[in-house]
Amino acid sequence: MALVSEFLKQLTLTHTGGKEPTFPTVRPVGDFDPSRDAVRIDNAIKTKGVDEQTIIDILTRRSYEQRSQIAFEYEKIARKDMATALKGALSGSVESVMLGLMKSPAQYDASELKGSMKGLGTDEETLIEIVCSRSTQELAEIKLAYRESKYYYLMFKKELEKDVAGDTSGDFAKLLMALVQTKREEPSNVVDYDKIDHDARALYEAGVKRKGTDVVTWIAIMSERSVPHLQKVFDRYKSYSPYDIKESIRKEVKGDLEKSFLTLVECFENRQLYFASRLSEAMKSKGAKEKVVTRIIVSRCEVDLMKIRSEFKRQNGKSLYHTISDHTKGDYQKALLSLVGGDD
Ligand SMILES: [Ca+2]
C-alpha cells in the first residue's frame, strides 16, 4: 500500500509540474574527496601570487553541494572561512564569480537583489531580471534566503517585500510586489478554455481596447495565472486584439513597467531564450557587461545553462563559449568558460 501511495504521489508531482527539469552544465563530480580539494585550495591560496588556476579548476567543476563540503573541510584545516579567504586571495571579476559559487542559487539571487537596492538609487535592470524571470518556486526560496542571508561581515535580516516596496514606486512597484508575493497558480492538467478566453478578453479590454490602461487587471492576470495557462491566453489574445501581447505592452506602458511586462512574457514563452538574449546583449560591443554575464552564468549553471547555450547558438549563429572567449580575458574568462562547460 505504501508503495502504491508513493507511486501515486510521484505521478501527481509529475502531472502538476512538481520541480522543473534541470539542464545544468555543472554537475557533481564523481570520485569526490572534499578534504583533498580543501588542501589543494589552501595551498593555492597560500602560494605566492595565488594559484588562481587550481582554485578555478576545483570550484567551477563541483556542484554547490560539493563546494559547501569543501568549505567545511577547509575551515577545519585553515581555521578560517573559505569565502573570506577567497575574497582576500582573488580580485576583480573572477573574485565575484568564485564568491558567487560559494552561495546556493537562492542565496546568490538574494544577494544580487540586495545589491541592486543597496545605497542610493536602484539598479532596476537587475531587479527586473531576477524578479520577472524566476519561477514561483525559485522566488519562494529567494525570499527565504533573503530573510536569512548572513555572509561575511554583514548580516541582513530583512524582508524582500519591504525592500522592494521601499526602492520602487507606482505601477512598477505594484507589479514587482505582486510577483514577490508568489501567488501564481500551479499548472493544472485540466485546460480551462472559458478561463483562457476570459483572461484574453480581460487583457484586451484593460489595455488596447480602452483609453489608458487598467494596469491592476494586467498585473493580476500576469502574476497569478500559471505559465501554461498564460501561454494559451496570449495565443487567444490575438483573436481579440490587432496587436500581439508584446506589441500591446509596448503601446500601453512605458519605462520599467514596460520592461518588466516584456521580461515576464518572454520568460513565459521561453525562459532560456530570454537569458540567451540578455547574454548576447551584454556582449554586443567590445568587452562585456561583466556583472550581467557573471550573474547569468553563475545563477543558471546548475539550472538550465545547457539549454541557454543551445538557444544562444540558435539565436546568434555563434556559440556562447566562442562569444565569451571574444569578450572577456584572463582568469575571469577561464572561470566562465569552465562553467559554460564546452563549445557548441
Ligand atoms: Ca489603452
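## A first look at this predicted model

V50 counts as partly exposed, because 17 C-beta neighbours lie inside 10 Å of it. The protein is divided into domain 1 (23-101), domain 2 (105-180), domain 3 (193-253) and domain 4 (279-340).

**Two loop residues to look up**

- V50 sits in the loop between helix 2 (34-46) and helix 3 (52-59).
- Although V50 is not a glycine, its phi is positive, at about 65°.
- Most residues other than glycine have a negative phi.
- R79 is another residue other than glycine with a positive phi, near 60°.
- You will find R79 in the loop between helix 4 (64-78) and helix 5 (82-89).
- R79 counts as exposed, because it has 7 C-beta neighbours inside 10 Å.

**The nonpolar cores**

- The largest nonpolar core has 44 residues, and V97, M98, L279, V293, I297, L336 and V340 are those with the most contacts inside it.
- Helix 20 gives the largest share of this core, six residues.
- Both domain 1 (23-101) and domain 4 (279-340) supply at least three residues each to this core.
- Leaving aside neighbours within four places in sequence, V97 is in contact with T294, V298, Y332, A335 and L336.
- Another core lies apart from this one; it has 39 residues, among them A106, L113, L127 and L179.

- Helix 18 covers residues 305-316, and its 12 residues should span 16 Å at 1.5 Å a residue; the end C-alpha atoms are 16 Å apart, which agrees.
- Buried residues in helix 18 are L305, M306, K307, I308, R309, E311 and F312.
- The cover over these buried residues includes helix 16 (255-282), helix 17 (290-300), helix 19 (320-327) and helix 20 (330-340).
- Just after helix 18 comes G317, with a positive phi of about 75°.

**Helix 19 against helix 20**

- Helix 19 and helix 20 pack with their axes 10 Å apart, at an angle of about 175°.
- Angles over 145 degrees count as roughly antiparallel, so helix 19 is roughly antiparallel to helix 20.
- From helix 19, L320, Y321, I324 and S325 meet Q333, L336, L337 and V340 of helix 20.

**Spacing of two domains**

- The C-alpha centres of domain 2 and domain 3 are 26 Å apart.

Technical notes:
Residues are numbered from 1 along each chain as its sequence is written. This is a predicted model: local features need pLDDT of at least 70, side-chain atom pairs count only at pLDDT 80 or more; totals for chains, interfaces and linings use all residues. Helices (H or I, at least four residues) and strands (E, at least two) are DSSP runs, numbered from the N terminus. The expected span of a helix is 1.5 Å times one less than its number of residues. A residue is buried if 20 or more other C-beta atoms lie within 10 Å of its own, exposed if 12 or fewer, and partly exposed in between; C-beta atoms are placed from the backbone. Two residues are in contact if their C-beta atoms, placed from the backbone, lie within 7 Å. A nonpolar core is a set of buried Ala, Val, Leu, Ile, Met, Phe, Trp, Tyr and Cys residues joined through C-beta atoms within 7 Å. Domain bounds come from an automatic or database domain assignment. Axes are lines fitted to C-alpha atoms, for helices over the stretch in contact, and angles run from 0 to 180 degrees between N-to-C directions. Angles under 35 degrees count as roughly parallel, over 145 as roughly antiparallel, 65 to 115 as roughly perpendicular and the rest as oblique.
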